[in-house]
Structures are given as C-alpha cells and as structure tokens.
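Hi,

Here is the structure I promised to pass on. Have a look at it first, and then read on for what turned up.

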Amino acid sequence: KYETRVNVESKDEIGELAQTFNQMAASIQEEDEKKRDFLSIVSHELRTPISYIKGYGEAFEQNLIVEEKKSEVYSLIVREANRMQKLTNDLLTVARSEHDELSEITPLVLSETVREVAQILKPFADEKQVRFTITVDEDTILAADEQKTKQILINILENAIKYSPELSTISIENTTTKNHTTIHIKDNGCGIEPEHISHITERFYRVNKARSRADGGTGLGLSIASQLVEAQKGMLEFTSEVGKGTTVHITLPIWED
Ligand code: ADP
C-alpha cells in the first residue's frame, strides 16, 4: 500500500495547499481501492458459473454422467449460462450509468410507464401466479428519463416478484407532494431485516447469497436502481417487516409547466 502525503503542517497558504493535496491524494487512493475490490468481486462472481459450465461440459465429454442425471445437469448448465449473461448485462449497465450521467428529462406519464413495465414482467409474474394491482394516479407526469425510469421499475419489480410467495399480490401506488411523486411498490414477501436494509443498495450485497444465486440474482439490481434514481435527483427508500413484506419507495421529480 502506497502513501502519498506532503508533510507541511504550517498555518499559512502553503500548509493549506498541502492539506488540500493530501485530501485529494487520499480520495484518489480510496477510489483505486474500491475499483480493485470491485474487479476482484466481479472475477469471483464470473468464475463460479464458468467452473460449473466447464466442469459439467467435461463430464459430458468423458461420458461420466449417467442417463437419469443428464436432464438435471443440462438444466444446471443453462441456469449458470443465464446467470453469466445477466451478470454481464448488469455490469454493462453499471459501467454505462457511471459514464453517462446525463439524463434526458422529458414529461413522462407515470401510469403508462408503470403499465408498460408490468406488461414486460407479466410472464415472470405469471410463473409464480403473482398479481399486480396498479392504482397509480392517471394525472401524474414525471420529469424523468424514460429508459432510466423503466430500468428502475424493472429492477424493483423483479425483486418484488422474486422475493414474493406464489399466489401473492404486489401493489403499485403513488403519492404526490408539491414537486415530487413517490411510487410505492409493496410486496408480501420474506421481508428484509433492519440491519441489512442500509446495505442492500451496495454492489453485490445480498442478504442470502445462496437464495439469490438460485433465483438468478446478481446482487447488482438495487445498486443500479439507486444509481439511476440519484442521476435523476430522486430518492430510493425501503420499509420492510420480516415475514410480512417490503415496500420500496421511489421518489422522482414531477413535471412543472
Ligand atoms: P439480487 O440480484 O440478489 O436480487 P439486488 O441488488 O436486486 O440483488 O438486491 C439485493 C438484496 O436485497 C437481495 O439479494 C435480497 O436479499 C434483498 N432484497 C431486495 N429486494 C427485496 C424484496 N422485495 N424483498 C426481500 N428482499 C429483497
């Protein structure tokens, strides 16, 4: 670990300059460390599906898999390939939202956007017979970037479906104050313990790694959503009760003529 510091403690301009320099050096170093941690997690996350696929592929090649196990192993290979695909897509989104902080803010009818996203996710919800009830104000017009807003809603709703029991309902409502509207997405799923809530928007943070893996999770969905909300000067909040369910509150600015 390297240390770049200028040791000038004097109380004049030179001392002040040295202090500014030291603060800059420290923050660059911190960024470097974060990048390194990020890369090492990414390679670890990619290594797991690759070793599954490679291992089972070789076992097939050498005829080591008995007939009655074959279909199970095929499914595992497909599952891991899907995970890798999702992971690389999510990583691209992370990289893109880091470099392209610009948002194209246009008037966006919230109810239409919500219905479009619900339609996209319907097949996924149908698999678990999960229903959406949408009671969003028809008059609410967001001042938001369409693609970013859709991506936020997709990520939050995907989780709501993923962590909900079969045959349950997810409700989508909104409340509006003077300049903002808050979209409340409420599920009746497993809930999140209070000590985890402050961490779930961190990259790769998962409450239950095994469960998230089995569900095809990457641990990136909420970090992407939170980045995209911030890029639009909004806010992302969570209220949750273990065993009862979670509500995600997405606050975004509304369009003012
Ligand atoms: P993942 O790909 O694992 O779902 P996310 O970043 O989307 O990653 O979410 C991080 C973690 O937050 C999840 O692993 C899960 O433990 C928790 N989580 C997110 N949404 C919900 C929810 N609606 N109900 C319960 N837990 C949730």
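How many residues lie between β4 and β5 in the hairpin they form? There are three residues between these two strands. Before I go further with them, please keep in mind that this is a predicted model.

On confidence, the chain has an average pLDDT of 91, and 98% of its residues score at least 70. The scores for the model as a whole are ipTM 0.97 and pTM 0.82.

To get your bearings, look for seven helices and seven strands in the chain. If you put a box around the C-alpha atoms along the principal axes, it comes out at roughly 80 × 60 × 35 Å. The chain has 257 residues, and 39% of them are buried. Take the contacts between residues at least 6 apart in sequence: 69% of those join residues at least 24 apart.

Now back to the hairpin. Strand β4 covers residues 169-176 and pairs with β5 in the antiparallel sense, with six bridges between them. If you want a spot to check by eye, find E173, which sits opposite H184 in β5.

β5 has another partner too: strand β7, residues 245-253, runs antiparallel to β5 and is joined to it by seven bridges. Here you can look for H180, whose bridge partner in β7 is P253.

So is β5 buried or exposed? Of the seven residues in this strand (residues 180-186), five are buried, which means that β5 is largely enclosed by the rest of the structure.

The other thing I'd point you to is the largest pocket, which holds about 640 Å³ of space. It is lined by 33 residues, and the ones closest to its centre are N159, Y163, I192, V207 and L222. Several elements each give two or more residues to that lining: α2 (70-99), α4 (146-162), α6 (209-214), α7 (221-231) and β7. The largest share comes from α4, with six residues.

Best wishes

Note on methods:
Residues numbered from 1 in each chain as written. Predicted model: local features only at pLDDT ≥ 70, side-chain atom pairs only at ≥ 80, totals over all residues. Heavy atoms only, no water. Buried < 20%, exposed > 50% of the residue type's maximum accessible area, 1.4 Å probe, protein only. Helix = DSSP H or I, 4+ residues; strand = E, 2+ residues; numbered from the N terminus. Pairing = 2+ DSSP bridges. 1 Å grid on protein atoms, 1.4 Å probe; cavity = no way out; pocket = protein on both sides within 12 Å on 5 of 7 lines; lining within 4 Å. Points joined across faces, edges and corners; volume = space filled by probe spheres on them. pLDDT = per-residue confidence, 0-100. Contact = heavy atoms within 4.5 Å.
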